[in-house]
Amino acid sequence: MEEFKVNKPGTVYYEATTDHLFELFQSTSGSNYLVVELNGEVAGGAGIYPTDQLPDGVCELVKMYIKTTARGKGIAKELIRRCINKAKELNYHSVYLESMPELKQAISLYEYFGFQYLNKPMGNSQHAVDIWMIKNIKDTLR
């Protein structure tokens with residue numbers, strides 16, 4: 001988040017749970033977090049989470065991070081594919097996400113996967129963001 005200068009108050013950068021993802025995901029039913037290693041080093045991660053006040057059947061794609069040195073290798077695409085597949089396994093019908101204009105590469109990737117823009121947020125993440133997207137995961141993956 002520092003790299004893209006989005007480490008602002010109201011973002012996940014300041015959430016206490018960001019430093020305790022293992023415990024958060026282990027204790028939350030309907031969630032799943034994936035970690036990618038390259039050469040024995042953590043290269044990135046992403047997860048799905050039943051964010052507070054999302055409609056039934058909707059989870060959120062959360063905490064997607066890829067180290068600078070791991071980008072351009074298809075890791076983000078594979079993480080999104082696996083998160084969507086896990087959401088299907090957990091009987092979600094849609095995946096929601098929140099983002100910021102500064103994260104242009106991520107937004108392009110979400111568009112590639114067929115996420116559609118929303119005019120307002122869903123659920124109660126309480127994040128200071130201005131891009132909200134959703135994907136019906138019954139759609140065919142690329």
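1. Accessible areas here come from the Shrake-Rupley method with a 1.4 Å probe. On that basis, the accessible surface of the chain in this predicted model amounts to about 8300 Å², and carbon and sulfur atoms account for 50% of that surface.

2. The chain has 142 residues, and 42% of them count as buried. Where contacts link residues at least 6 apart in sequence, 61% of these contacts join residues at least 24 apart.

3. For a reader who wishes to trace the fold, the secondary structure consists of three helices and six strands, and these elements follow one another along the sequence in the pattern α-β-β-β-α-β-α-β-β.

4. The crossing of α2 and α3 is right-handed.

5. Which residues of α2 and α3 make the contact? On the side of α2 they are A76, K77, I80 and R81, while α3 contributes L109, Y110 and Y112. Sorted by class, the contact of α2 with α3 has five nonpolar and two charged residues, with no polar residues.

Methods. Residues numbered from 1 in each chain as written. Predicted model: local features only at pLDDT ≥ 70, side-chain atom pairs only at ≥ 80, totals over all residues. Heavy atoms only, no water. Left-handed = near helix turned anticlockwise from the far one by under 90°. Helix = DSSP H or I, 4+ residues; strand = E, 2+ residues; numbered from the N terminus. Contact = heavy atoms within 4.5 Å. Nonpolar A, V, L, I, M, F, W, Y, C, P; charged D, E, K, R; others polar. Buried < 20%, exposed > 50% of the residue type's maximum accessible area, 1.4 Å probe, protein only.
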